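Me: I would like a close look at a single part of the following model.

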Amino acid sequence: MMWNERHPLNLWDAFSEMQRVFDEVGRDFAGGLGADYPTMNLWSNDDGVAITAEMPGVDPKALEISTVGSTLTIRGKRTVSPPVEGATCLRDEIGSLEFARSIQLPFDVDADSAVADYRDGILHLSLKRPESSKPRRIVVSASGGAS
Amino acid sequence: MSDKKTTRDVAQRDKHEVRQPESAASSESAVLRVEPAANIYETETDFYIVADLPGVGTDDLQVIADGSSLAITAKAPVARPAGMEGEDVLRQFERWFSLPDGVDQSAADARLTNGVLTLRLPKAAEARVHRITVKGS
């Protein structure tokens with residue numbers, strides 16, 4: 001009982017942790033494909049995060065970007081077809097795929113201020129931190145004098 | 001058309017991306033060297049190479065055919081957004097292909113759409129398949 005009080009059972013957290021471990025293992029073995037597709041870069045500051053996700057050949061109109069609390073999910077699909085009808089494929093390293101990747105951000109996202117832009121096969125995302133969760137500097141006032 | 005007979009460098013390189021620090025002059029950048037994934041197609045008149053080059057603009061792309069080999073090299077700089085913490089990211093793409101005989105390199109053309117390069121390599125007239133019509137008696 002004490003364990004549950006100190007570490008309340010939260011299936012979502014357990015799932016996220018499991019996914020994080022799978023992502024790390026997948027990154028090692030799949031070299032960028034698989035569980036952690038699309039590959040991402042993330043930058044941050046006190047106002048929010050900027051993310052780039054590499055997904056060449058994707059139809060941006062078919063992208064679904066959603067946030068629930070602090071979880072960002074990107075879903076999409078890529079349809080690969082021969083450049084001309086009737087062509088024979090001699091080497092096949094790029095295939096059609098559907099993907100979904102969720103990442104946990106360190107704050108609840110202000111969805112209204114999110115900006116997404118797809119260019120040259122890269123999705124650029126800007127996600128803001130709500131004012132209420134921005135870090136605040138707490139001024140320590142000294143009272144009395146040191147002896 | 002196969003790219004098995006590529007240069008020694010390519011043959012020995014890890015297929016996956018390798019992250020390594022750049023020179024001291026730009027220590028804030030992370031450099032990712034990538035051998036781009038590619039599909040190769042053939043029709044009666046052309047070969048096609050389709051390669052993933054996310055983030056690459058036409059100014060940052062070089063395609064050089066030299067005799068029996070073809071090299072695709074490109075770079076995709078992703079600058080750290082202003083005011084953000086972190087580092088710039090530079091992706092460098094490089095891949096070599098060996099070309100079969102009978103490719104008319106002077107007539108090749110390329111287009112880049114949504115980070116995907118489509119390269120068309122026409123077959124020389126003498127290398128094309130000629131269909132022979134069988135006449136009935």
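Which residues have the most contacts inside the largest nonpolar core?

Reply: This is a predicted model, in which local features need pLDDT of at least 70 and side-chain atom pairs count only at pLDDT 80 or more, while totals for chains, interfaces and linings use all residues. Residues are numbered from 1 along each chain as its sequence is written, with chains lettered from A and ligands numbered from 1 in the order in which they are written.

Tyr48(B), Ile49(B) and Ala51(B) have the most contacts inside the largest nonpolar core, which has 23 residues. Such a core is a set of buried Ala, Val, Leu, Ile, Met, Phe, Trp, Tyr and Cys residues joined through C-beta atoms within 7 Å; buried denotes 20 or more other C-beta atoms within 10 Å of the residue's own, with C-beta atoms placed from the backbone. In chain B, strands S3 (38-42), S4 (46-52), S6 (69-78), S7 (88-98) and S9 (116-122) each give two or more residues to this core; strands are DSSP runs (E, at least two residues), numbered from the N terminus.

Beyond its neighbours within four places in sequence, Ala51(B) is in contact (C-beta atoms, placed from the backbone, within 7 Å) with Pro36(B), Ala38(B), Ile72(B), Arg95(B) and Leu117(B). A second, separate core of 14 residues includes Ala50(A), Ile122(A), Leu123(A) and Leu125(A).

Between the chains, the contact takes 30 residues from chain B and 27 from chain A. On the chain B side, S3, S4 and S9 give two or more residues each, and S3(B) gives the most, with five. S3(B) also pairs (at least two DSSP bridges) with strand S5 (residues 88-92) of chain A, in the antiparallel sense over four bridges. Asn39(B) in S3(B) is the bridge partner of Asp92(A).

Definitions and conventions:
Buried ≥ 20, exposed ≤ 12 C-beta atoms within 10 Å, placed from the backbone. Contact = placed C-beta atoms within 7 Å.
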